[in-house]
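Open the model in a viewer and follow the stops below in order. Each stop names a selection and then says what is there.

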Amino acid sequence: MKDNNNKRISNVSTNFKSNNKNFNKVNNGVFVFTRSLSVADLAKQLNILPSDIIKYFFMNKKMVTINQMLDDDSIGEVCLNFGYDVKKEKVVSAENFEEVEIKDKKEDLKERPPVVTVMGHVDHGKTTLIDAIRNSNVVATEAGGISQAIGAYQKEVKGKKITFIDTPGHEAFTAMRSRGASVTDIVILVVAADDGVMPQTIEAIDHAKAAKAPIVVAVNKIDKEGANVEKVKNELMNYEIIPEEYGGKNIFCEISAKKNIGIDNLLENIILLSEVLELKSNPNRYAMGTVLEANLDRGEGPKATLLVQNGTLNNSDYVVVGTTYGHIRRMVNEHQKVLKTATPSTPVSVTGLSEVPNAGDHFMAFPTEKEAREIAERRRLQKEQVERSGTAARSLDDLYKQAKEGDVTSLNLLIRADSTGSVEALKSSIMKITIPGVKVNIIRAIAGAITDSDISLASASNAIIYGFNIRPTAALKAKAEELKVEIRLHRIIYALIEEIEGALKGLTKPELKEVTNGQMEVRNIFKANKMTIAGCYVTDGVIKARSKIHLIRDGIIIYDGELGSLKRFKDDASSVKSGFECGATIVGYNDIHEGDIIEAFEMKEEKK
Ligand code: GDP
């Protein structure tokens, strides 16, 4: 394929109105802003003094500095306080390229391969199917080298390509979607014919529906005894997955992934469906797409699998991924074949990026290094501003809460690991740790080495840094020590999880448990000065003055309160033992009856 570098449309020049000039302005008493602002900037825009804003926050128990970035809520608060209405306007600028909606001319659009994800219940045969497809009718010319897992692969069926995401299951799918990335055009739902619809089948249906991806059902294991295709069809109808033969719009394919039955038919049906879906994009623009996975290769540095979703990626393009940019050094497919160009729906493994991006990050290619560098820099600044304003608010907020309630305990974590896979695994394991009374916040989780900015962020937000399969440099260690940031390094996931769990248990406040000290029976009632004095007989334990009490009537606690006075004859008593009589009052409560039981108790800490 000839180099079409010159013909490609740059995504920036055609789609962005501005390079994020200042759009903030006051209009008819409404302050319109587009992004976070520093105290100084906001003051200037509102024609007030920075010290007015600082003072305002101070009065509201928040400390801000003149250069501090304010988040949307804080900007809104200031505006309202100084008499302006506020409106945040969304401006899609070059650095927010994930928000760009591309509208190509019809004649520029070309058919592109569908991107397919395999989902279904555990053990229903997802992995077996993915392998069966990968190995089905392999043409000699196709494999230009050893095939290597890069997270996705392409398969040619009747002269047309299909792109398969090869991490089965909906975890990866959901992780992508939660980062705002949607890569899947078609979902293959694998249902074992001998097992039928199971919990994860239903989850997969929900995820596919939420992503508006059409579902092709692969009824698997038809070779097995007890396989019942009709039962699967009937069960799926409860979830609005209806076969075409019953008037629905879902394709059903009967397969045996293990015995290689029906695979070609399944693939042909996917091609047919993708024709119906009219999946198209414009190959003649600079590429944009999503990072499928990424890791730090010991020899080659940051390495990422990119799925080109629109445009064409060339092997020497400048790309911005997440907040970094790079110059593609090497671009290969899953067979390790070096590619010069990658057209829409092609997954490629690239090197040459300056940092390991996150799975789900968007990328965009640019014609010049200058553009890529500037946009990456602006994205980095923007992210830092957001993080900083977020962190400041969060920690102040937390401090405030802790002071107010005295019982909020939280652990902030920052995670660095060797690959995006490890990051996702760690994140999901950590989020599964639940210890009552403790909130775990993962404030940053990225693949790659610990950086200077990690330490600053951890320091600013009282976070512990956890490193998995990575080692910080001596300089960073020194900085961490200086800022009193703790860095914990691990090589085994469960050891790391165990340690965090331990830390969390340490953080939990000892639980308070009620311990009964004694009981007394109310035998007489006296009224004096509008107060009810109960003449009691201690039946059990010791009653101490000022203790917390339950007032019990007919076995039901009718009041919780505190003892007022406690007297033996006319004298105040500090405590009355079992077998003795006493007079007692309950603070603020007079409805005591003869025959009631007063139980005294205290709250004691129970160590876990
Ligand atoms: P996954 O958890 O959905 O990825 O399921 P696997 O692909 O690991 O398959 C689970 C088990 O089912 C394995 O032992 C497979 O060999 C078996 N299996 C998968 N497909 C078939 C099939 O079509 N027929 C039979 N008999 N067994 C199958």
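This is a predicted model: local features need pLDDT of at least 70, side-chain atom pairs count only at pLDDT 80 or more; totals for chains, interfaces and linings use all residues.

Residues are numbered from 1 along each chain as its sequence is written, and side-chain values use heavy atoms, with hydrogens and water left out.

Of the 608 residues in the chain, 46% are buried, that is, under 20% relative accessible area with a 1.4 Å probe and protein chains only (exposed is over 50%, partly exposed in between). Among contacts (heavy atoms within 4.5 Å) in the chain with a separation of 6 or more, 71% join residues 24 or more positions apart.

Next, select the open sheet of six strands, ordered S8-S9-S7-S10-S11-S12 with mixed pairing; two strands pair if DSSP finds at least two bridges between them. Strand S8 (152-157) and strand S12 (251-254) are at the edges with a single partner strand each, so one side of each has no neighbour in the sheet. From one strand to the next, the twist averages 30°, taken between N-to-C directions of lines fitted to C-alpha atoms, on a scale from 0 to 180 degrees. Show Val 217 and its bridge partner in S12, Phe 252.

Move to Thr 117, in strand S7. Thr 117 counts as buried because its relative accessibility is 3%. Leaving aside residues up to four places away in sequence, Thr 117 touches Ile 165, Phe 173, Thr 184, Ile 186, Val 187 and Ile 188.

Now select helix H5 (residues 126-135), where the buried residues include Lys 126, Leu 129 and Ile 130. Their cover includes strand S7 (115-120), strand S10 (186-192) and helix H9 (263-277).

Which part gives the most to the shell around the ligand? H5 does, with three residues. Of the 15 residues around the ligand (a heavy atom within 4 Å), Asp 123, Lys 126, Thr 127, Thr 128 and Asp 223 come nearest. For polar contacts (N or O pairs within 3.5 Å), show Asp 223, with a polar side-chain atom 2.7 Å from a ligand nitrogen atom. A polar side-chain atom of Ser 256 lies 3.0 Å from a ligand oxygen atom.

How values were computed
Helices (H or I, at least four residues) and strands (E, at least two) are DSSP runs, numbered from the N terminus. A polar contact is a pair of N or O atoms within 3.5 Å; within protein, one must be able to donate a hydrogen and the other to accept it, and residues adjacent in sequence count only if both atoms are side-chain atoms.
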